[in-house]
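Terms are given with their cut-offs where they come up.

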Amino acid sequence: MRERLPALTALLLLAALVAGTWWAAHYTHSTVELDPPRRYTHEPDSWANDFVMLRTDEQGIAVNRLEGRFMQHYPDDDSYHVDAATALVKQKQNPLTTATADLAIMDDAGQRIQMIGNAYVHRQPDTKGDRFSIRSDQLTIYVDEDKITTDRPAVIINGPNTLQGIGVEYDNTSRQLQVHRNAQVTLTPAQPPPAPLKFFFCYSLFCLVLFLYRCSPNPPSLIL
């Protein structure tokens, strides 16, 4: 029995040590207030001057570019607010689209860009050379879908024609344009050829007729 007494004593001391450690940890967690989880507020955590961001697809091909005079990043919604912004969007074989605004907000992992204040979107001319543009006080660009929408009044210019309305959806892939309400279309007729061109054409025709008349062996009567 005496031989087992040191072992039993050591075992009891070890058990007491474990119990004391557990009690101390439990007491600490129950009485000491831990730091609460961090709360994200809509305050910028980073900023930059002369900001430029380039986004690429899985193949490393540039999809869109956003640049501006001053940028602020907000961690609560992972958005970028860019002053005096210019955005360029290029998807697959679609024409290049360029947008400008007083303020741009890019969020949703770069898939959405809101152009706010004097928003203007210009599409590169097509094979016919016709220009296409949308102007409004706010435009939203969906980069991956290559679409432009707004629920505000907008002015659309397609070639020589002008369309005004409230609420616009434009698909740059299918080239389909939808105006929700109050649509007004202004059609511009084809311009006649300028006066110098008409004069040159008439003069050339007159010289040709006169030349044929003089070269003819039996010239007919010609009244000039």
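Of the 224 residues in the chain, 25% count as buried, where buried means under 20% relative accessible area, exposed over 50%, and partly exposed in between (1.4 Å probe, protein chains only). The model is predicted, with local features needing pLDDT of at least 70 and side-chain atom pairs counting only at pLDDT 80 or more, while totals for chains, interfaces and linings use all residues. Residues are numbered from 1 along each chain as its sequence is written, and side-chain values use heavy atoms, with hydrogens and water left out.

**Overall make-up**

The chain holds two helices and nine strands. Helices (H or I, at least four residues) and strands (E, at least two) are DSSP runs, numbered from the N terminus. Read from the N terminus, the order of elements is α-β-β-β-β-β-β-β-β-β-α. The chain exposes about 16,100 Å², of which carbon and sulfur atoms supply 58%; accessible areas come from the Shrake-Rupley method with a 1.4 Å probe, and for residues only the protein chains shown count as cover. Taking contacts between residues at least 6 apart in sequence, 36% join residues at least 24 apart, a contact being heavy atoms within 4.5 Å.

**The sheet**

The nine strands form an open sheet in the order β1-β2-β3-β4-β5-β6-β7-β8-β9, with antiparallel pairing. Its edge strands are β1 and β9, each of which pairs on one side only. From one strand to the next the twist averages 20 degrees; axes are lines fitted to C-alpha atoms, for helices over the stretch in contact, and angles run from 0 to 180 degrees between N-to-C directions. Two strands are taken to pair if DSSP finds at least two bridges between them. Strands of a sheet pair through backbone hydrogen bonds, either parallel or antiparallel.

Strand β1 (residues 46-56) is joined to strand β2 (residues 62-74) by 10 bridges, and the two run antiparallel. Within this pairing, F51 stands opposite G68 in β2, and V52 has E67 in β2 as its bridge partner. The two strands form a hairpin with five residues between them, and G60 in the turn has a positive phi of about 85 degrees.

On its other pairing listed here, β2 meets strand β3 (residues 79-89) through nine bridges, again antiparallel. L66 stands opposite A87 in β3. This is also a hairpin, with four residues between β2 and β3, and D78 in the turn has a positive phi of about 50 degrees. β3 in turn pairs with strand β4 (residues 97-107) in the antiparallel sense over nine bridges, with D83 opposite L103 in β4.

**Salt bridges**

The structure holds five salt bridges, a salt bridge being a side-chain nitrogen of Lys or Arg within 4 Å of a carboxyl oxygen of Asp or Glu.

| Pair | Distance |
|---|---|
| R65 and E67 | 2.6 Å |
| R152 and D137 | 3.2 Å |
| R152 and D151 | 3.5 Å |

R65 is partly exposed at 33% relative accessibility, and E67 is partly exposed with a relative accessible area of 25%. D137, D151 and R152 are linked in a network of salt bridges.

**Positive phi and a surface patch**

D146 is not a glycine, yet its phi is positive, about 55 degrees. D146 lies in the loop between β6 (132-142) and β7 (147-158) and is buried, with a relative accessible area of 5%. N182 also has a positive phi, near 55 degrees, in a residue other than glycine. N182 sits in strand β9 (residues 176-186) and counts as exposed at 53% relative accessibility.

L14, L17 and V18 make a nonpolar surface patch of about 300 Å². Patches are made of residues with over 30% relative accessible area and no salt bridge, like charges being joined within 9 Å and nonpolar side chains (Val, Leu, Ile, Met, Phe, Trp, Tyr) within 5 Å. V18 belongs to helix α1 (residues 5-31) and counts as exposed at 52% relative accessibility.
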